Amino acid sequence: MSNNNTALGVIAGTAIGAALGILFAPDRGSNTRQKIADQAVATKHSLEETALDLRDMAASTVATKRESLDTQIEHIVSDVSHKTEDVITTLEKKLSELKAKNKKLQKS
C-alpha cells in the first residue's frame, strides 16, 4: 500500500509542478491554456493507469488471500475430521470397557 501512496504522490507532484511551471513561464494566454489542458489530459490518463494498476493489484491480492484461506479451511476441516475419528475411537473403547465391567458386576 505504501508503494501506491508513493506513486500517487509522485503523480500529484509532477502534475502540480508542471502546472506551476506553465503558469509562471512567459507565454501567450492561449498557449498557456493549451499547455494546461494538455497537462490535465496527460494527468488524467496517468491517474487512470494508476487506478487500473491498483485495481489489478487489489484483485490479485484478494485472489491470493482467498486461495490461502481455502487451503487453511481444508486443513482445519481435515484436522477436525481426524480428531473426531480419534475421539469416537476412544469413546468406543471406553464404552467397551464399561460394558465389560458391567457384565462382571451383573455376574457377581
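Hi everyone, let's start with Thr-50, which is buried, at a relative accessible area of 12%; buried means under 20%, exposed over 50%, and partly exposed in between, using a 1.4 Å probe and protein chains only. A quick note on the model: it is predicted, so local features need pLDDT of at least 70 and side-chain atom pairs count only at pLDDT 80 or more, while totals for chains, interfaces and linings use all residues. Residues are numbered from 1 along each chain as its sequence is written, and side-chain values use heavy atoms, leaving out hydrogens and water.

Where does Thr-50 sit? Its place is in helix H2, residues 29-107; helices here are DSSP runs of H or I with at least four residues, numbered from the N terminus. Leaving aside neighbours within four places in sequence, Thr-50 is in contact with Leu-8 and Ile-11, where contact means heavy atoms within 4.5 Å. The buried residues of H2 are Thr-50, Thr-43 and Thr-32.

Now for the charged side chains. The structure holds two salt bridges, each being a side-chain nitrogen of Lys or Arg within 4 Å of a carboxyl oxygen of Asp or Glu. In one, Lys-44 pairs with Glu-48, with the closest N and O atoms 3.8 Å apart. Why are these two about one helical turn apart? Because they are four residues apart in helix H2. Lys-44 is partly exposed at 48%, and Glu-48 is partly exposed too, at 37%.

Asp-56 forms a salt bridge with Arg-55, and their closest N and O atoms are 3.3 Å apart. Here Arg-55 is exposed, at 52%, whereas Asp-56 is partly exposed, at 43%.
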